[in-house]
Amino acid sequence: MLEVWSFSGAWCLVFGACRKIRLLRLVVTTLFFAALPLWAADLTSSFDQANKLYEEGKYAAAAQAYDKLIESGTVSEAIYFNRGNALFKLGQLGRSIASYRLAEQLAPRDPDLRANLQFARTQARGGSPYRAELWQRYLEALTLNEWTILTVGALWVFFALLALVQWRPELGRSLRVWFLVSGLAVVVPGISLACALGNGYFTTTAIVVTGEAEVRNGPLDESQTAFKVRDGTELNVIDRKDDWLQVLDAGQRMGWLRQNQVLIFAPTAHQKSST
Amino acid sequence: MPETRASRGPRFRSRGGAVLYLGILLSLALTFAANAASFTASLDRDTITLGESTTLTLTFEGGDPGGAPNLPPIPNLQVGGVGQSSQISVVNGQVSSTVSYAYAITAAQPGEITIPALAAKVGNETLKSNPLKLKVQKPGTPPAAPGQPANPGGAFLKLLVPKPQVYLGEILPIEIQLYVQMGKLAEMPHFKEEGFTLGKMLQPTQSQTIFNNLRYNLITFKTYVMAAKAGKLDIGPAVMSLNVPAPNARRTFFGEIADWQTISLQSEPASVQALPLPKENVPANFKGAVGSFSLNLNVSPTNVAVGDPITIKVQISGRGAVDAVTLPDQPSWEHFKLYPPTSDFQPGDELGISGTKTFAITAVPDSMDVQELPSFSFSYFDPDQKSYRTLTQPAVALTVRPSAASLPVAAGGSTDNPQAPTRDIVHIKPRIGTLAQIQSPLLMRSWFVGLQAVPVIAWLSLLIGRKQREKLANNPRLRRQRQVEQLIRSGLRELRQAASTNQHEAFFTKLFQLLREQLGERLDLPASAITECVVEEKLGPDRLPANTVNLLRELFQACNQARYAHQETKDELVALADKAETALSELKLMKTE
């Protein structure tokens, strides 16, 4: 009797354990999906609260509320966009431009975003309209991922044609034109992709966030001032030394300025505003 | 007297040449006439010590008085010798002539001497110069550095501070004068900065002077100081090193000094009393500017729509720490949205202690009720007047009209024309939208990069397969070898199956086929030509081991016997299958013909 019990008992325990695991899994899954709408509602509520502060003209509080959302790991184009607006209203051109640029990564073709970024850049230039150079506008016509997909797609087609010729060599002559077309389709977007990578991903941008920053000839406070840049100016970072950054502006002027006067814009980083 | 060619003047071969000559004369005459004569007076130094001399230069441009003008008697001024120089220059066709008369003058007593405007007759007109002021200081003994003899190497240093009192934040220009008869600069003069900040030092100027009846080269260094704390501040002594000829110095073949020695010179110190700024009647918007300033304000445009920016240019000029001037807050501008200003400084002198600083402020009126830009005021402390002063620019009338600029730009509005920016930013988004994370580009993800190897691998596989096919097509023996290998593999399976099911006929047929195919492939003979005799003829001990040859013979004999009588059992068939496999394996290793 004892043996029967011990044999069947063990199976009962195992069977019971399996049942318990399945039950536990079921409970956890149910709780997760039940909590999901609650979590989403909480996010929306926080977002609406931040918007309300903005509408009341409390731009500093609104910017902080958007920051809290971002710090909690919740990001969307609308959050970055609205934060950019709040910072712009506070007169913080540099930080607003940085926020708009982060939003641009999530929705590069939003016309409202493009309009505000253009407006902020124009303000940063003291009213003279901002206009990117022709090659920059060409590269910005597509996002980095779009250039990648275009290039890779053409590459797949090219290799597919090569494979087809290996499988059916008699088709080689008739596919010559297609080879040329697909080759060009690889080269042209490929070069554009390389340029877009160099200009966007591998270039660190520093956005000035103080009213006026002095760019000096050397990384020392005693160095002579080479030129001055205002809030919102976007500079390319070439080198770093201690707290100093060597930068290049749109007019190809080079100099050094303190890191605490700029916001370093890395495409994959979250930028925090401070008012 | 007969008329000579010389007396009649120049003759010309053609009328054109005459016209050209007259034209040149006329243009020269007009040029001289256009340059009205001028007369200026200048001193090479406006501060000297009693016993020193300075040079008064009278310069005539565009005219010549016909000799050195006689100076009127001036109290306390003694005039020495006079020298003359003249210069003619042609620039862009304009001819100008300059005549200068230099008088060496000395003073009899310390004090301030006013040289009045001098009059000189040039042609038919009487020209007047500008008046000048000359300051004559009391004499001092030339200072000697500790341990150095007085006038070491014929050189000494003087520190000149123009006034004994300054206010905090006031710029005080100072001069360091090096008197040297012969020497070379080893370093710039320097002194300790305690209680004040020192400005930049200009490159020195050089002149000649007479002091205590000795002629010196006078090197003047100009800089400025600004008191940083109140109280008595000591400036200097100024110290510098100088290379002078060593005693009994040798000379080179060209007469230059060969032996030099370095001496240290030290001036007498000077002290100033730094006064704190008065605490009474301090304007509310005073931000620390000390000096003498003027204010100018310009606003454009003055007719704008609500939300349109206006540019306010504030220009502060004067003498003092102009570059350090900051804009005061303007509380009355509360109805304007102000953006951080930019600034630009244009120095008025080499030291930078005078100049003009221009601020550009972008302001946006926030409603149509705004009718003017309120007055702008700037306060500073004037050390000469010893009081605070406030400069005010009156209010500027503005016309702020209503427009659609205050409405947000509709979504999907024109963003294609970057030349016409929207007048305000687009309003915030009401919905949170799709949540997402900014991720690294596809090209930076390893799985994506790995995925791109797929078409390459596919192509390479097909390429290799094609090459293999071409290789086989060009090598019939290899093709046959592969076919026979395939045949042997499948044939052995069938053999075993036939053995296990005791199918004699199928077994021996297959066995015979496999032996003939393998032997035919190895010996490069058609399979149908292989018989037992081939084994005897072609398979000598040098090609196959004797055991294998015997095994083959046994298998062939078994096949022959099986044609006539089936005697083997199932086990025997299985054993034969094993032998066949062994024999075929050995055959496969045999070298081909």
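Two residues are in contact if their C-beta atoms, placed from the backbone, lie within 7 Å. The model shown in every view is predicted.

**Figure 1. The contact of chain A with chain B.** Chain B brings 41 residues to the contact, and chain A brings 51 residues. On the side of chain B that touches chain A, strand 25 (342-347), strand 26 (354-365) and helix 4 (453-473) each give two or more residues. Helix 4 of chain B gives the most, with seven residues. By residue class, this side of chain B holds 25 nonpolar, 13 polar and three charged residues.

**Figure 2. Helix 4 of chain B, end to end.** The helix has 21 residues. From first C-alpha to last, helix 4 of chain B reaches 30 Å, close to the 30 Å expected at 1.5 Å a residue. Is this helix well covered or hardly covered? Hardly covered: among the 21 residues of helix 4 of chain B, the count of buried residues is one. For the chain as a whole, 25% of the 593 residues of chain B count as buried.

**Figure 3. Chain B in overview.** Chain B contains nine helices and 31 strands. Take the contacts in chain B with a separation of 6 or more: 69% of them are between residues 24 or more positions apart.

**Figure 4. Helix 6 against helix 9 in chain B.** Two packed helices are described by the angle between their axes and the distance between the axes. Here the axes of helix 6 (residues 504-523) and helix 9 (residues 570-589) of chain B come within 10 Å and cross at roughly 10 degrees. Angles under 35 degrees count as roughly parallel, so helix 6 of chain B is roughly parallel to helix 9 of chain B. From helix 6 of chain B come Phe507(B), Leu511(B), Leu514(B), Gln518(B), Leu519(B) and Arg522(B). They meet Leu573(B), Ala580(B), Leu584(B), Leu587(B) and Lys588(B) in helix 9 of chain B. The residues of this contact between helix 6 and helix 9 of chain B divide into eight nonpolar, one polar and two charged.

**Figure 5. Val574(B) and its surroundings.** Val574(B) sits in helix 9 of chain B. Its 17 C-beta neighbours inside 10 Å make Val574(B) partly exposed. Which residues does Val574(B) contact, leaving aside its neighbours within four places in sequence? They are Ala499(B) and Ser500(B). The C-alpha atom of Val574(B) is separated by 9.1 Å from that of Gln497(B), 77 residues apart along the chain.

**Figure 6. A three-strand open sheet in chain B.** Strands of a sheet pair through backbone hydrogen bonds, either parallel or antiparallel. In this open sheet the order is 13-18-19 (chain B), and the pairing is antiparallel. Strand 13 (184-185) and strand 19 (260-266) of chain B stand at the edges. Each has a single partner strand, so one side of each is left without a neighbour in the sheet. Strand 18 (residues 239-245) and strand 19 of chain B pair over seven bridges. Val244(B) has Gln261(B), in strand 19 of chain B, as its bridge partner.

**Figure 7. Two cis peptide bonds in chain B.** Most residues other than glycine have a negative phi, and most peptide bonds are trans. The bond from Gly236(B) to Pro237(B) is cis, with omega near 10 degrees. Pro237(B) lies in the loop between strand 17 (231-235) and strand 18 of chain B. Ser300(B) and Pro301(B) are also joined by a cis peptide bond, with omega about -10 degrees. Pro301(B) lies in the loop between strand 21 (291-300) and strand 22 (303-305) of chain B.

**Figure 8. Loop residues with positive phi.** Asp242(A) has phi near 50 degrees, a positive value in a residue other than glycine. Asp242(A) is in the loop between strand 4 (234-241) and strand 5 (244-248) of chain A. Asp242(A) counts as exposed, with 8 C-beta neighbours inside 10 Å. In chain B, phi of Lys386(B) is positive too, near 55 degrees. Lys386(B) is in the loop between strand 28 (376-382) and strand 29 (387-393) of chain B. Lys386(B) is exposed, with 12 other C-beta atoms within 10 Å.

**Figure 9. Pro129(A) in its loop.** Pro129(A) is placed in the loop between helix 5 (111-124) and helix 6 (134-140) of chain A. Pro129(A) counts as partly exposed, with 14 C-beta neighbours inside 10 Å. The C-alpha atoms of Pro129(A) and Gln118(A), 11 residues apart along the chain, are separated by 8.0 Å.

Key. Residues numbered from 1 in each chain as written. Chains lettered and ligands numbered in written order. Predicted model: local features only at pLDDT ≥ 70, side-chain atom pairs only at ≥ 80, totals over all residues. Helix = DSSP H or I, 4+ residues; strand = E, 2+ residues; numbered from the N terminus. Nonpolar A, V, L, I, M, F, W, Y, C, P; charged D, E, K, R; others polar. Axes fitted to C-alpha atoms, helices over the stretch in contact; angles between N-to-C directions. Parallel < 35°, antiparallel > 145°, perpendicular 65-115°, else oblique. Buried ≥ 20, exposed ≤ 12 C-beta atoms within 10 Å, placed from the backbone. Expected span 1.5 Å × (residues − 1). Pairing = 2+ DSSP bridges.
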